[in-house]
Amino acid sequence: MAEQHVKPQGPQTTGHVWDGDLQEYNNPLPQWWLYGFYVTILFALVYWIVYPAWPLGEGFTTGLNSITYVNSEGKEETWHWNTRAKLLKETQAAAAQQKPWFDRIAQASYQQIVQDPELMGFVNSAGRALFNDNCAGCHQIGGAGKIGHYPNLADDNWIYGGSFEKIRETIVNGRQGYMPPFAEALSRDQVEALAHYVLSLSGEPHDARLAAEGDKLFHSHTGACYYCHGSDAKGRQDIGAANLTDRIWVWANVPGARDMPAKVAAVRQVILGGLNRGIMPAWGGRLNEEQIKVLTVYVHQLGGGQ
Amino acid sequence: MIKFKHESLETNTGLLLVATMLAISVAGMVEIAPLFLIKDTVEDVPGVRPYTPLEQLGRDIYIREGCYTCHSQMIRPFRDEQLRYGHYSLAAESKYDHPFQWGSKRTGPDLARVGGKYSNEWHVQHLIAPRSVVPESVMPNYPWLMENRLDYADIGARMRALRAVGVPYSLNQAEYERNVKQFGAEMAAQLHIPNARESLIAQVKANNYDGDPSFVSEMDALVAYLQVLGTMVDFSKIKPEELVKYR
């Protein structure tokens, strides 16, 4: 049978009686709780002395605690404790820790970085963090991209070039893709023929007769597609004109289309409307030179860098 | 000597009233008064300007849709936040915000420096269907922003209200000229209340934020606002130790 604790007397009351029968229990705080409360008051007193606390007219008590950091002239400077000074000091300490690595990155050529397993270890961890924070929003984790919107970075196909220098240029300055719309320049039938021709270049289902027509149009002054995409339709990386023969689709979601009419429609849409998107923001102002170098090598080795 | 007991407070209404007022006054003095007295809480940094009419309406949509319930606009001075979001937020950067959007709840990421991080196209796609670009996102879809015509009939009244609480939108020639000196001629024209509708339409035409040039949508305004967040101050021109001394 469970043991029962029965208090010898009922709880104490404050002694008052209201309205004839209303009484108030008097349950004092447990002693440990009460002393704990006194300790927090004591803590506050110490805190007021050590840290910035009390306002005084136009200023405030700055506290005894201080922080020493290095200012932009390279001289040590001490200021009363505050979170900004603390951050500055911590940032400088972390930068000093990473400095040997970033110095090696800055001094090495791209080729030297790739051949140095130690540096590549650094690139893979620091680069992944940078990529996930800054690039994955569009290009997705791992650089898989989003067909119709953001190019895949994990394959060996490059719109603006896959050399270290070109990747760096893309990151620093950003890119602005552009293709003029052909809705007014070409007839509905001409666009249809071009779409079949473009599909034929990648071995997609197409109408051979229309594709042959499109072939002529593509290489004529009427269609003028070859101005940018080249007579071999392999594109031009200097102006970001896509290679149309590599079965890799950036803007028209051909792989996602069920059948030939849907694939034709996907290509047709790009030809009619052109592209005034494909805008990549510039990262030159957001990341520093070493971070961009790490990111360049990281993106280069994601897929087939050139 | 009078022995003070808690009981004396509890049984004496007049004394309780006086003591309560005393406690609240002291706390009020300590917490509120310094904000008006302490000099240099708002950093003196160049570049901060009021929102253009379009950006301001975008901000009003941001508040209407309750974006602030999940997104803060306040990068705290911690290393992890600095690494992820960028330079910590300055008081000066929200000096024209009424009300400010600092927030304290982050279901989504902080947006204080989201401006310029993504393309307009990304923002449009992300607002219509967030999971189409960020698979793990729990953000709701906001497709109506693309369909709703932006109501800018009352933009002048909204700007006048902000002017009344200290935002330097200009109503007359003298105020306009003051803004030319402070923000440059191009920006001053956009901050001029009599021109508000024209400059709003001009900004949409010049940038076509939502990719649909046929009409001015709420998406145009919201994207314009998001793209300016955190971009006004050029931190490469400010020495970090100067900002330390404002605290």
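Biologist: Why are H8(B) and H11(B) called roughly perpendicular to each other?

Modeller: In this predicted model, helix H8 (residues 155-164) of chain B and helix H11 (residues 196-207) of chain B pack at an angle of about 110°, with their axes 9 Å apart. Axes are lines fitted to C-alpha atoms, for helices over the stretch in contact, and angles run from 0 to 180 degrees between N-to-C directions. Angles of 65 to 115 degrees count as roughly perpendicular (under 35 is roughly parallel, over 145 roughly antiparallel, and the rest oblique), and H8(B) and H11(B) are therefore roughly perpendicular.

Biologist: Which residues make that contact?

Modeller: H8(B) contributes Ile155(B), Gly156(B) and Met159(B), while H11(B) contributes Ala196(B), Arg197(B) and Leu200(B); two residues are in contact if their C-beta atoms, placed from the backbone, lie within 7 Å. By class these residues divide into four nonpolar, one polar and one charged, where Ala, Val, Leu, Ile, Met, Phe, Trp, Tyr, Cys and Pro count as nonpolar, Asp, Glu, Lys and Arg as charged, and the others, Gly among them, as polar.

Biologist: What makes chain A more spread out than a compact globule?

Modeller: The radius of gyration, taken over C-alpha atoms, is compared with the globule rule of 2.2 Å times the number of residues to the power 0.38. For the 306 residues of chain A the rule gives 19 Å, and the radius of gyration is 34 Å, well over that, so chain A is more spread out than a compact globule. Its C-alpha atoms fill a box of roughly 105 × 65 × 50 Å along the principal axes.

Biologist: How many of the residues in chain A are buried?

Modeller: Buried residues make up 25% of the 306, a residue being buried if 20 or more other C-beta atoms, placed from the backbone, lie within 10 Å of its own.

Biologist: What does chain A give to its contact with chain B?

Modeller: Chain A gives 27 residues and chain B 29, and the largest share of the chain A side, eight residues, comes from H2(A). The residues on the chain A side divide into eleven nonpolar, nine polar and seven charged.

Biologist: How should I read the numbering and the confidence limits?

Modeller: Residues are numbered from 1 along each chain as its sequence is written, and chains are lettered from A and ligands numbered from 1 in the order in which they are written. Local features need pLDDT of at least 70 and side-chain atom pairs count only at pLDDT 80 or more, whereas totals for chains, interfaces and linings use all residues.

Terms used: Helix = DSSP H or I, 4+ residues; strand = E, 2+ residues; numbered from the N terminus. Buried ≥ 20, exposed ≤ 12 C-beta atoms within 10 Å, placed from the backbone.
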